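Trainee: I have not looked at this structure before. Could we go through it step by step?

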Amino acid sequence: MRRCGDCTACCTALKVGELGLAEGQSCQHQKRHGGCAIYEERPQACRGFECAWLRGHLAVKDRPDRIGVIFTPNVDGTIMQAFELRSGAAQKGRGKMWIDLLRQKMSVIIARGPNQDRTLLGRQA
């Protein structure tokens, strides 16, 4: 089973109502060099979240903090959301590679920038 390690990508991508965090807003409990200051008491939204990498859907070397994109599937697995952690990461390198591969199976929504502006990319047959 994979572990997050120093990755804190979800601490920026997730909306966490219990903490008053909007999508794209960095969590105040994020440690400077990775990890969570309230890990043992973290909210259920954080506790229950598993990104696509953690679930084993991406290569080990493609942890979200390394490629600059965190992927999370919707409930029924028909759409993948890709939250860009670094500007341009979804348009180049391994972030783009995964988006292109995923689009062969499903639609992908890319969320970019501080306002999490969204672009829907339909499935490529």
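Predicted model: local features only at pLDDT ≥ 70, side-chain atom pairs only at ≥ 80, totals over all residues.

Mentor: Residues are numbered from 1 along each chain as its sequence is written, and side-chain values use heavy atoms, with hydrogens and water left out.

Trainee: Which pattern does the protein chain follow along the sequence?

Mentor: Helices (H or I, at least four residues) and strands (E, at least two) are DSSP runs, numbered from the N terminus. The protein chain has four helices and four strands. Read in sequence order, the pattern is α-α-α-β-β-α-β-β.

Trainee: What radius of gyration does the protein chain have?

Mentor: The radius is taken over C-alpha atoms, and the globule rule is 2.2 Å times the number of residues to the power 0.38. For 125 residues a compact globule would come near 14 Å, and the protein chain agrees with that, at 14 Å.

Trainee: What percentage of the residues in the protein chain is buried?

Mentor: Buried means under 20% relative accessible area, exposed over 50%, and partly exposed in between (1.4 Å probe, protein chains only). Of the 125 residues in the protein chain, the buried share is 37%.

Trainee: Is R63 buried or exposed?

Mentor: R63 sits in the loop between α2 (44–47) and α3 (64–67). Its relative accessibility is 11%, so R63 counts as buried.

Trainee: Which side chain is joined to that of R63 by a polar contact of 2.6 Å?

Mentor: A polar contact is a pair of N or O atoms within 3.5 Å; within protein, one must be able to donate a hydrogen and the other to accept it, and residues adjacent in sequence count only if both atoms are side-chain atoms. A polar atom of the R63 side chain lies 3.5 Å from the backbone oxygen of C4. The 2.6 Å contact between side chains joins R63 to D65.

Trainee: Why does D62 count as buried?

Mentor: D62 also belongs to the loop between α2 and α3. D62 counts as buried because its relative accessibility is 1%.
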